[in-house]
Amino acid sequence: MRSFFITLVSILIIISQSVYAFEYLQPLPDKPIFPDNNLQTEEKITLGKQLYFDPRLSLKGDVSCNTCHNLAAGGDDDGAVFNMADRKIKRSAPSLWNVAYLSTYFWDARAESLEVQALEHLFDPKIMDMGSSAFLESRLKSIPGYVIAFSKAFPNEKITTENIAMALSAFERTLIAHDSRYDQYIKGNKSALNEKEKRGLNLFKNKGCLGCHFGVNFAGPAPGPALKMGDAFYELMPTIRGSNYESKYNFLDDQGVYHHTLDEEHRLFWRVPPLRNIADTAPYFHNGAVKNLHEAVRVMDRVQFNYGVNEQEVDDIVSFLKTLTGIYPPMTLPRLPETEGATLIN
Ligand code: HEC
Ligand code: HEC
């Protein structure tokens, strides 16, 4: 992973040079950037959707992707992964809505693309636990419907682990919630936000939140000229040490980016997370320790600046954040190919 992290001061300098990628407020583009090596096709997306909802992609058939990233809701887990005692997952499952607009994946930015992310998950003992490529491929090969679906999505190729990751990623790139009230506002409809929400937007700007949460996804520059796909945009959290929140919410237990780069300077650095649809993705932060959005805003103010926002200001900022919820596209459940008269899960 190439790393890319800049201090708040340097961000402000770059912004003042008004490089488009670093513009504070941007609407969600109609489409994300599709990687050349995995272009979208109907067949791939259809297959990816089946795989996404299919529990047979996990060793014991106990979870599908949708179990922890529930697309009937915010695309996250509502804190449920912490209750899966046998899995002992210490991080919250992020939302997959608008995930195509990000340049890196995971809270600590360790995956450079959706494809790489999926490959890790498929074999992670705490997630899908499929053991080996050979095992995963043989399971899908034994389901006749998948043999057909793969041959349509990847003509002249076999069922491979890479193709599974590509199909999943193609489907994930369709998960876009457009046209939030904020988007309407930024595109020129000044009455799309009410006075309270506009006050919240101004506070979000003036209190410095935009210094890190800016751009199309409020997660820093979107993939493009400034931030190539795979480049990480991450920041220190907590920046100001010693607050009560630090111990209350165990913010020092997990050292973030450091765990995979092993670079001392990366301790407590985290990818700046997107804030679109944030009202629908409680609990908050990498460890899901904060249960509601008001508290998340108080925490951010305290641990990143210590300006001391008052409750009225917190409430205004939350009102603004709620305008970032897009319109979720209607979704139908896919039919999953059956293995007639038998089960694959023992
Ligand atoms: C048992 C729960 C669980 C299941 C099942 C699961 N995930 Fe995840 N997923 C997580 C957690 C937890 C994270 C965050 C881990 C981290 O950042 O270290 C995550 C992260 C992700 C991310 C990164 C999102 C971002 O904003 O960076 C993507 C993409 C993703 N999962 C896709 C999938 C797909 C595709 C499947 C099915 C193959 C799946 N997940 C199945 C729990 C789950
Ligand atoms: C110095 C950079 C920086 C600034 C400034 C900043 N944030 Fe954050 N924000 C982060 C990082 C990094 C995280 C992820 C930390 C974690 O999960 O451990 C985060 C997480 C969040 C979350 C939780 C996201 C989620 O999916 O759980 C919210 C909400 C949030 N910030 C809002 C704000 C608000 C509101 C402000 C202004 C008061 C602000 N942030 C200022 C870097 C920043």
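## The shell around ligand 1

The residues around ligand 1 divide into 17 nonpolar, five polar and five charged; here Ala, Val, Leu, Ile, Met, Phe, Trp, Tyr, Cys and Pro count as nonpolar, Asp, Glu, Lys and Arg as charged, and the others, Gly among them, as polar. This is a predicted model, in which local features need pLDDT of at least 70 and side-chain atom pairs count only at pLDDT 80 or more, while totals for chains, interfaces and linings use all residues. Residues are numbered from 1 along each chain as its sequence is written, chains are lettered from A and ligands numbered from 1 in the order in which they are written, and side-chain values use heavy atoms, with hydrogens and water left out.

Cys 65, Cys 68, His 69, Phe 106 and His 121 come nearest among the 27 shell residues, where a residue belongs if one of its heavy atoms lies within 4 Å of the ligand. Helices H3, H4 and H7 (161-172) each supply at least two shell residues, and H4 gives the largest share, three. Helices are DSSP runs (H or I, at least four residues), numbered from the N terminus.

## The iron site

Which residues coordinate the iron atom of ligand 1? His 69 and His 121 do, each through NE2, at 2.0 Å; donors are N, O and S atoms within 2.8 Å of the metal (3.2 Å for Na, K and Ca). His 69 sits in the loop between helix H3 (65-68) and helix H4 (114-123), and His 121 in helix H4, so the pair ties together parts that are 52 residues apart in sequence.

Ideal angles for six octahedral donors are 90 or 180 degrees. His 69 counts as buried at 10% relative accessibility, as does His 121 at 17% (buried means under 20% relative accessible area, with a 1.4 Å probe and protein chains only).

## Polar atoms facing the ligand

Two oxygen distances are worth a look: a backbone N or O atom of Phe 106 lies 2.7 Å from an oxygen atom of ligand 1, and a polar side-chain atom of Arg 271 lies 2.8 Å from an oxygen atom of the ligand.

## Glu 197

Now to helix H9 (residues 195-206), which holds Glu 197. Glu 197 is buried, with a relative accessible area of 7%. Its side chain makes a polar contact of 2.7 Å with that of Arg 181 (a pair of N or O atoms within 3.5 Å, one able to donate a hydrogen and the other to accept it; residues adjacent in sequence count only if both atoms are side-chain atoms).

How values were computed: Buried < 20%, exposed > 50% of the residue type's maximum accessible area, 1.4 Å probe, protein only.
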